[in-house]
Amino acid sequence: MVEALEPLIYEISSAGRVGVNLPACDVPESPLPTDLLRDKLDFPEVSEMQAVRHFVRLSQLNHSIDTGFYPLGSCTMKYNPKINEDVARLAGFANLHPHTNPEGAQGALAMMYQLQEWLAEVSGFAGTSLVPAAGAQGELAGILMIRKYHQDRNDAQRTKILVPNSAHGTNPATVTMAGLEVIELPSDAEGNVDLTALKEACSGEKAKLIAGMMITVPSTLGLFEAHILDVVKTVHDAGGLMYMDGANMNALMGIVKPGQLGFDVMHYNLHKTFSTPHGGGGPGCGAVGVAERLLDFLPGPIVKITEAGTDDEAPLYGLVTPSKTIGQLKAFYGNFGMHIRAYAYIRAYGGEGLHEVSRHAVLNANYVRAKLMDTFTIPYPRYCGHEFVLEGHWEDAPSVHALDISKRLMDYGIHPPTNYFPLIVPEALLIEPTETETKQTLDEFIEVMKKIAQEAKTSPELLHDAPHVTPVSRVDEIKAAKELVLCCAPLLKTVE
Amino acid sequence: MNTPQDLHYAKSDEWVRIDGDVATIGISDYAQDALNDIVYVELPSVGDAFKKGDSFGSVESVKAASDVYLPVGGTVTEVNSELEDSPELINSDPYGKGWLVKVKLSGAPDLSDLMDASAYIEYCDNR
């Protein structure tokens, strides 16, 4: 049993201790239904100071973007401006009840409408739904729309979705969840989709079974698909629809619109590109954008103008469910708090600003890549998008692996990059600096990476045993995976 | 890399040993090394029938979870139940104690797209 660095709040609880004195009730008391009342509530009883110290100590055990560099590829761990949090807490938004009728929630609906329009503008699509609660749910929404589109045209034998082998693992999982089948496509030597294999998969009679293709642009290798127009045309000619995984949209804003490349549907990760919080499994927002032909299939409700405004009067906004919708997916309107934060972010930057965001994200990644080219093997040596892959392994340091480099970075106060993904690169380290870091920070990171490369050759044990200075040292990942214990000890006792 | 001569190898890194009408299937030394420490194996049930190329289970390591595909078609007659508690046998002995399943072949197996040891070594060297 590992000794806990911080006790559970239940372990410091003492019966009868009170942290807060509630003011006298200033409204008439309303008795609760007796069948909903319980005698005993398992709440911790602590003083205010205990609660403050407990949670501050927990936060100090963590690495966060507020305390250090976080180049976690494919996750876009950019800084989320604190003002977004202030805006999301404005009483008019935060206290709005989800059952408020549309007439009483015009401000919130206007904000959602504007966000839908902005997202459609950034990506060149005809419409947006803000409902999906995360990227994976956005993917599911997209593929369910493609499925329903074919069913609606009496073309339901189209059940195959093409997925490149560099894809996020969520892509094939989404296809399976939607009851369709994956055809995996290889990558060519440049890291693009293998066009020959794609054309073969879409040839002759096989074309009639193609429902569509899911592709990430730039790919998870951080590379722009050089033949993307050919790819789109091949799939469209076969009768399939094109799905873009928008996880890497941070490389594209103001540079290229997926809708104009011919994509039919895309999900956004508001928590990646538009600076809403990550982590803890949510709440997130995986908004979906669609081309004209999928508008009627969007998950509802969508905010629309139900009564046009005039020069003097604002329009009236209402909630509309598209006629052939795939369904609702999430209670109410999705994670409304995320919409406010993304709105605030886009509003603060404006169109030109978002363009600059992407330009800097791409510039920063290419700067770090170029500076590390002589120290590490870069498997696809061409200009990258907002992230790039290198191999965390050297022939003259055979005992050192990508994982060891990741762990050693923690000793230098840097969050490890994504490791062992994408799967097609051995010992992959996927690095994404994001636009919010200064050249000074990037230079420090480059120096640390070079230093670790040196250490790997002169004193590899430093890497094998890393991290040395973090609250938790090297964890036993095998034991953790094989002997998974999801309950903490004190709770286990009550179960017994 | 250990690559026994008497086996046939698939591009997806499974090996198959043919003994009469029974085929034993596992994953190669190259595959176990690339996956790193294996922590979980999902296997089919005895009696399940598969076509050549079907996914019959998955192997999960600290790095990734990978489907495994049958290099020959047939009906499962035996699964390596020892792997349930000791999946690391695949790492330590991929061609012996780390075997995955045995299948009864339905007729002569189609081995045309499988590689012999030297072709497989060359295939791995070029990746």
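Q: Which residue meets A:Lys160 in a salt bridge?
A: A:Glu181 does, side chain to side chain, at 3.2 Å from N to O. A salt bridge here is a side-chain nitrogen of Lys or Arg within 4 Å of a carboxyl oxygen of Asp or Glu.

Q: Where do the two sit?
A: A:Lys160 is in strand E2 (residues 160-164) and A:Glu181 in strand E3 (residues 181-185) of chain A, 21 residues apart. Strands (E, at least two residues) and helices (H or I, at least four) are DSSP runs, numbered from the N terminus.

Q: What kind of model is this, and how is it numbered?
A: This is a predicted model: local features need pLDDT of at least 70, side-chain atom pairs count only at pLDDT 80 or more, and totals for chains, interfaces and linings use all residues. Residues are numbered from 1 along each chain as its sequence is written, chains are lettered from A and ligands numbered from 1 in the order in which they are written, and side-chain values use heavy atoms, with hydrogens and water left out.

Q: How many salt bridges over all chains?
A: The structure holds 25.

Q: Which residue pairs with A:Lys78?
A: A:Glu435, at 3.0 Å from N to O. A:Lys78 lies in the loop between helix H1 (48-60) and helix H2 (82-88), and A:Glu435 in the loop between strand E12 (428-431) and helix H13 (439-458) of chain A, so the pair ties together parts 357 residues apart in sequence.

Q: Is A:Lys78 buried or exposed?
A: A:Lys78 is buried, at 3% relative accessible area. A:Glu435 is buried too, at 11%. Buried means under 20%, exposed over 50%, partly exposed in between (1.4 Å probe, protein chains only).

Q: Which residues are linked in a salt-bridge network?
A: A:Glu85, A:Arg89 and A:Arg341.

Q: Switching topic. What does A:Thr174 touch?
A: A:Ala136, A:Glu139, A:Leu140, A:Ile143 and A:Met214, leaving aside residues up to four places away in sequence. Contact means heavy atoms within 4.5 Å. A:Thr174 is in helix H6 (residues 170-177) of chain A. A:Thr174 is buried, at 5%.

Q: Which residues make the nonpolar surface patch?
A: A:Leu5, A:Phe55, A:Leu58, A:Leu61, A:Val472 and A:Val475, about 510 Å² in area. Patch residues have over 30% relative accessible area and no salt bridge; like charges are joined within 9 Å, nonpolar side chains (Val, Leu, Ile, Met, Phe, Trp, Tyr) within 5 Å. Areas come from the Shrake-Rupley method with a 1.4 Å probe; for residues, only the protein chains shown count as cover.

Q: And where is A:Val472?
A: In the loop between helix H14 (460-464) and helix H15 (477-482) of chain A. A:Val472 counts as partly exposed, at 42% relative accessibility.
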